[in-house]
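This report describes a protein chain from its fold down to individual side-chain pairs. The sequence and structure are shown first.

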Amino acid sequence: MSNALILSGLKGEERKSMEIGLGNAKAVFKRLQELIEKELEKESVPSFDSPNWSEEMAYSVGYRKGLTRALKYVIITDK
């Protein structure tokens, strides 16, 4: 997500405050990005021998989608 997107619609003091906050939080966002990417690298395929494999698969797919969506919000670029 670019700074421009996060800052869109903000003006004046609110925009300046958000710019400062983003600058201060870059290290935190970078660490979150690393943790989420590490979690996404893990293979989590349900056992098809389990009677509830379809629920396990749905959970796994939803979990990965949630992580992927969260990743979009923590990657900060200067574009």
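## A pair in helix 2

Glutamate 19 and arginine 15 both belong to helix 2, where four residues, about one turn of the helix, lie between their positions. Helices here are DSSP runs of H or I with at least four residues, strands are runs of E with at least two, and both are numbered from the N terminus. The two side chains meet in a salt bridge, with an N to O distance of 3.6 Å. A salt bridge is defined as a side-chain nitrogen of Lys or Arg within 4 Å of a carboxyl oxygen of Asp or Glu.

Both partners are partly exposed: glutamate 19 has 38% relative accessibility, and arginine 15 has a relative accessible area of 30%. Residues are called buried under 20% relative accessible area, exposed over 50%, and partly exposed in between, with a 1.4 Å probe and protein chains only.

## Basis of the model

The model is predicted; local features need pLDDT of at least 70 and side-chain atom pairs count only at pLDDT 80 or more, whereas totals for chains, interfaces and linings use all residues. Residues are numbered from 1 along each chain as its sequence is written, and side-chain values use heavy atoms, with hydrogens and water left out.

## Overall architecture

The protein chain contains three helices and zero strands, giving the pattern α-α-α along the sequence. Of its 79 residues, 20% are buried. Its accessible surface is about 6,100 Å², and carbon and sulfur atoms account for 58% of that area. Accessible areas come from the Shrake-Rupley method with a 1.4 Å probe, and for residues only the protein chains shown count as cover.

Among contacts in the protein chain with a separation of 6 or more, 64% join residues 24 or more positions apart. A contact requires heavy atoms within 4.5 Å.

## The nonpolar core

The largest nonpolar core consists of five residues: Ile36, Leu40, Leu67, Leu71 and Val74. Such a core is a set of buried Ala, Val, Leu, Ile, Met, Phe, Trp, Tyr and Cys residues joined through side-chain atoms within 4.5 Å. Helix 2 and helix 3 are the elements that give two or more residues to this core, and helix 3 gives the most, with three residues.

Which residues does isoleucine 36 contact, leaving aside its neighbours within four places in sequence? They are Leu67, Ala70, Leu71 and Val74.

## Further salt bridges

The count of salt bridges comes to three. Side chains of opposite charge can pair when their charged atoms come close. Besides the pair described above, glutamate 34 is bridged to arginine 31, with the closest N and O atoms 3.4 Å apart. These two residues are separated by about one helical turn because they stand three residues apart in helix 2. Glutamate 34 is partly exposed at 38% relative accessibility, as is arginine 31 with a relative accessible area of 47%.

Glutamate 39 forms a salt bridge with lysine 42, the closest N and O atoms being 3.2 Å apart. Glutamate 39 is partly exposed, at 26% relative accessibility. Lysine 42 is located in the loop between helix 2 and helix 3 and is partly exposed, at 49% relative accessibility. The C-alpha atoms of lysine 42 and arginine 64 are 10.0 Å apart, although 22 residues separate them along the chain.

## A nonpolar surface patch

Where on the protein do Val28, Leu32 and Leu35 form a nonpolar patch? The patch is on the surface, and its residues together have about 240 Å² of accessible area. Patches are made of residues with over 30% relative accessible area and no salt bridge; like charges are joined within 9 Å, and nonpolar side chains (Val, Leu, Ile, Met, Phe, Trp, Tyr) within 5 Å. Leucine 32 lies in helix 2, which covers residues 12-41, and is partly exposed at 35% relative accessibility.

## The aromatic pair

There is one aromatic pair by the rule used here. Tyrosine 59 and tyrosine 63 have ring centres 6.0 Å apart and ring planes at 10°, so the pair is stacked. Rings of Phe, Tyr and Trp (its six-membered ring) pair if their centres lie within 6.5 Å; planes under 30 degrees apart count as stacked, over 60 as edge-to-face and the rest as tilted.

Both tyrosines are in helix 3 (residues 53-74), four residues apart, or about one turn of the helix. Tyrosine 59 is exposed, at 60% relative accessibility, whereas tyrosine 63 is partly exposed, at 35%.
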